[in-house]
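This report goes through the secondary structure elements of one protein chain and how they pack. Please read it alongside the structure shown here.

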Amino acid sequence: MTQKIRIGLVGYGNIGRGVELAINQFNDMEGVAVFTRRNPADVDSNLPTVSIDDILNYKDAIDVLLLCGGSATDLPVQGPELAKHFSTIDSYDNHGEIPAYFEAIDRAANSGQNVSIISVGWDPGLFSLNRALFEAVLPVGQTYTFWGKGLSQGHSDAIRRVVGVNKGVQYTVPIDQALDEVRKGQNPELTTREKHMRICYIVSDEGANQAEIENTIKTMPNYFEPYETVVHFIDEEQFERDHQKMPHGGFVIRTGESETGSKQKAEFQLELESNPEFTSSILVAYARAAVKFKQEGKTGAFSVLDVPMTYLSDKSPAELRKELL
């Protein structure tokens, strides 16, 4: 590609700010504008800020829209609507609803002759790739995914949308006993509750019913209901002091054996000081793939499992073979 890929951002929360930072490190990208539901004058971005109501005026100025909203309420609405008009990348992370979300995006993107790559990030995303890879090469075995300890952006966004919540974060914590058993090759049968805890810290609105808030969080389908969830109510001072950083990480582990009974283990690990900044870099890299798919005449929805690794790089296939094989 000789021309820079023109990127638009929808939303300017943690992911949106991370995307703007990431674009500065991608020599083949340039940011065009941030589209927001807020007053554009209130958005502190170095890019032009535009009301989302005016986004269709930019159809010819943008190659790929990066959708930076949350999975709970933003992306299910914005994703299909914007895929009719733009090629898009999003980080939809509600695992249980991905098949339905994919179908909605696929219909919309095909109707507009666009390319949309969904559920881009590290899980779903890079972890998905490693689960597929490890299961392909170790067909007899068991795959385990552990997240954390770290702050989950999608789950934190979900609790902040609960009525009565002023501020909130959620940390995912692997249960040590389960992780140890997996790494020792014991192949335990683990329920969701036996693998992780979800710990929430909430600043509630004045006068809010905290018992109702806690019950709403703990019974939230897909996000919290399957897990052992602990909800702590704290004051704003403690929240601002102790819960401003966004670390995360995790493991994908496949334990198996070959035909002779030889034990094999494959493991992929991430340790992240900034979850949103890393996630944002993945979104930007997949913008390259969306452009390449569009140039090939492809349309519709795709997942990270559908994208060749070479499409993520700004190097040619020949350069990649020479330098990385």
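In what sense do β9 and β10 pair, and over how many bridges?

The model is predicted. In it, β9 and β10 are antiparallel partners, joined over nine bridges. Within this pairing, Val 173 stands opposite Met 197 of β10. Strand β11 (residues 228–233) also pairs with β10, here in the parallel sense and over six bridges. Met 197 takes part in this pairing as well, standing opposite Glu 228 in β11.

Of the nine residues of β10, eight are buried, so the strand is largely enclosed by the rest of the structure.

## Strands β1 and β2

Strand β1 (residues 5–10) runs parallel to strand β2 (residues 29–36), and six bridges join the two. Ile 7 stands opposite Gly 31 in β2. Five of the six residues of β1 are buried, so this strand too is largely enclosed by the rest of the structure.

## The sheet β7-β12-β13

An open sheet is formed by three strands in the order β7-β12-β13, with antiparallel pairing. Its edge strands, each pairing on one side only, are β7 (141–147) and β13 (263–272). On average, neighbouring strands of the sheet are turned by 10 degrees against each other, direction ignored. Between β7 and strand β12 (residues 248–257) there are seven bridges, and Gly 141 has Gly 256 of β12 as its bridge partner.

Two helices are placed against these strands. Helix α4 (residues 126–137) lies across β7, β12 and β13 and runs at about 10 degrees to β12. Helix α6 (residues 176–183) packs on the sheet and touches β7, β12 and β13, its direction making about 40 degrees with that of β12.

## Helices α1 and α10

Helix α1 (residues 14–23) and helix α10 (residues 275–295) have axes that come within 8 Å and cross at roughly 60 degrees. The two helices are therefore oblique to each other, and α1 passes α10 in a right-handed crossing. On the α1 side the contact is made by Asn 14, Ile 15, Gly 18, Val 19, Leu 21, Ala 22 and Ile 23. The α10 side contributes Pro 276, Glu 277, Thr 279, Ser 280, Ser 281, Leu 283 and Val 284. By class, the contact residues of α1 and α10 divide into eight nonpolar, five polar and one charged.

Is Thr 279 buried or exposed? With 7% relative accessibility, Thr 279 counts as buried, because buried means under 20%. Its place is in helix α10. Apart from its neighbours within four places in sequence, Thr 279 is in contact with Ile 15, Gly 121, Trp 122 and Gln 153. One of these, Ile 15, belongs to the α1 side of the helix contact, while Gln 153 is a buried residue of α5.

## Helix α5

Helix α5 (residues 153–160) is mostly covered, with seven of its eight residues buried. The buried residues are Gln 153, Gly 154, His 155, Ser 156, Asp 157, Ala 158 and Ile 159. They pack against the helices α1, α8 (210–218) and α10, and against the strands β8 (150–151), β9 (165–174) and β10 (196–204).

## Helices α2 and α3

The axes of helix α2 (residues 74–83) and helix α3 (residues 98–111) come within 7 Å, crossing at roughly 25 degrees. Angles under 35 degrees count as roughly parallel, and α2 and α3 are therefore roughly parallel to each other. Leu 75, Pro 76, Gly 79, Pro 80 and Ala 83 of α2 meet Tyr 101, Ala 104, Ile 105, Ala 108 and Ala 109 of α3 in this contact. Nine of the contact residues are nonpolar, one is polar and none is charged.

## Backbone details in the loops

Where are the cis peptide bonds described here? One joins Asp 123 and Pro 124, with omega about 0 degrees; Pro 124 is in the loop between β6 (115–117) and α4. Another joins Gly 148 and Lys 149, with omega about 5 degrees, and Lys 149 is in the loop between β7 and β8.

Positive phi values also occur in residues other than glycine. Gln 113, in the loop between α3 and β6, has phi near 60 degrees. Gln 113 counts as partly exposed, at 49% relative accessibility. Asn 187 has a phi of about 50 degrees and lies in the loop between α6 and α7 (192–195). With a relative accessible area of 33%, Asn 187 is partly exposed.

How values were computed
Residues numbered from 1 in each chain as written. Predicted model: local features only at pLDDT ≥ 70, side-chain atom pairs only at ≥ 80, totals over all residues. Heavy atoms only, no water. Axes fitted to C-alpha atoms, helices over the stretch in contact; angles between N-to-C directions. Helix = DSSP H or I, 4+ residues; strand = E, 2+ residues; numbered from the N terminus. Parallel < 35°, antiparallel > 145°, perpendicular 65-115°, else oblique. Left-handed = near helix turned anticlockwise from the far one by under 90°. Contact = heavy atoms within 4.5 Å. Nonpolar A, V, L, I, M, F, W, Y, C, P; charged D, E, K, R; others polar. Pairing = 2+ DSSP bridges. Buried < 20%, exposed > 50% of the residue type's maximum accessible area, 1.4 Å probe, protein only.
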